[in-house]
Amino acid sequence: MARAPEPKTLEVDGALYANRAWIAEETGATIPTVRTWYIKRDTQPAECRFPEKGPRVEREDYFNVQEVLAFHRWLKESKQAKVLPTDPALYDGDPDDLVSINDAAAYFHFTDASVIRTYIRNNPGYFADVAGHVQGPTGRLRPAFRRSDLQDFDRRRNGDNTGRAGSPGGPRPERGTRTPEVQQRIDTAAAHLTKAGGHHHGIAAEIARAHGEPTWKWERAVKAAREQIARGRGEA
């Protein structure tokens, strides 16, 4: 078995540089994610993009630490800005109240309850655990969550996923599943589709402009959002 890369730093003319393993450890990302940050640096704002390569030692690239940390701060802030605001009503009531999956979805402005079901199925430990069941309007039992657990999820969510499904140190998703970051992007696209009254030509470009990003970043999200909305309409 190959040995994991060792985090390393070095100082050049008073400036600190680090290899990809150090950057991954510091940010909570995976090394492939760090590589992607560099590859896609031209899509990032010039004033806070991932830095160009610095020294190369023993066939290993090093990057300016201050510039890496500035990029990572921008990345987290930009992802935080994409998180839809939570309904303040989530913080009303007894912390031990059981909140139905439909009401929980409404608090977070998700398209529907299928968003939460996807989180639970694909990213165990990311969303609050099911704490019981309550009756829905038709008398059907629906999964429910403790209000305090939903509040905890709200406080820690920020739209960020640096390669480890949720937060640094969390479990990595199985191949073919969606990370919380991807699902949040789909939720955002779904909210735009709903507000616009449905899909129309050029909506991915509109969303991209609103978030200051390239259109290609939203094309897949719009497609997945349309499928998600269609599935939701077909559910009881």
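Where is the place of I116? I116 sits in helix α5. Helices here are DSSP runs of H or I with at least four residues, strands are runs of E with at least two, and both are numbered from the N terminus. This is a predicted model, in which local features need pLDDT of at least 70, side-chain atom pairs count only at pLDDT 80 or more, and totals for chains, interfaces and linings use all residues. Residues are numbered from 1 along each chain as its sequence is written, and side-chain values use heavy atoms, with hydrogens and water left out.

Start with I116 itself. Its relative accessibility is 0%, so I116 counts as buried. Buried means under 20% relative accessible area, exposed means over 50%, and partly exposed lies in between, with a 1.4 Å probe and protein chains only. I116 touches I101, A104, A105, F110, F127 and F145, leaving out residues up to four places away in sequence. Contact means heavy atoms within 4.5 Å. A105 is 11 residues from I116 in sequence, and their C-alpha atoms are 6.9 Å apart.

The largest nonpolar core has 18 residues. Such a core is a set of buried Ala, Val, Leu, Ile, Met, Phe, Trp, Tyr and Cys residues joined through side-chain atoms within 4.5 Å. The residues with the most contacts inside this core are F108, F110, I116, F127, F145 and L150. Helices α4 (101-107), α5 (114-122) and α6 are the elements that give two or more residues to it. Of these, α4 gives the most, with four residues. In soluble globular proteins, nonpolar side chains tend to be buried together.

Beyond its neighbours within four places in sequence, F127 is in contact with F108, F110, I116, Y119, F145, L150, F153 and R156.

F145 leads on to a sheet. F145 lies in β7, opposite V99. β5 and β7 (residues 141-146) are antiparallel and share three bridges. Two strands count as paired if DSSP finds at least two bridges between them. The open sheet has three strands, in the order β5-β7-β6, with antiparallel pairing. Its edge strands are β5 (98-100) and β6 (132-135), and each pairs on one side only. Neighbouring strands of this sheet are turned by 50° against each other on average, direction ignored. Helix α6 (residues 147-156) lies across β5 and β7, at about 65° to β7. For such angles, axes are lines fitted to C-alpha atoms, for helices over the stretch in contact, and values run from 0 to 180 degrees between N-to-C directions.

Now turn to the other sheet. Four strands form an open antiparallel sheet in the order β1-β2-β4-β3. β1 (9-12) and β3 (56-57) are at the edges with a single partner strand each, so one side of each has no neighbour in the sheet. Helix α1 (residues 20-27) packs on this sheet and touches β1, β2 (15-19) and β4, with its direction at about 90° to that of β2.

Walk across the strands in order. β1 and β2 run antiparallel and are joined by four bridges. L10 has Y17 in β2 as its bridge partner. Y17 in turn has N64 in β4 as a bridge partner. β2 and β4 pair in the antiparallel sense over three bridges. β3 and β4 (residues 60-64) also run antiparallel, with two bridges. There, V57 stands opposite E60 in β4.

Which residues in the loops of this sheet call for a check of phi? D13 lies in the loop between β1 and β2, and its phi is near 50°, a positive value in a residue other than glycine. That hairpin has two residues between the strands. At 82% relative accessibility, D13 counts as exposed. E58 lies in the loop between β3 and β4, and its phi is also positive, near 50°. At 70% relative accessibility, E58 counts as exposed. Most residues other than glycine have a negative phi, and most peptide bonds are trans.

In α8 (residues 203-211), the buried residues include I203, A204, A205, I207 and A208. Just after α8, G212 takes a positive phi of about 65°.
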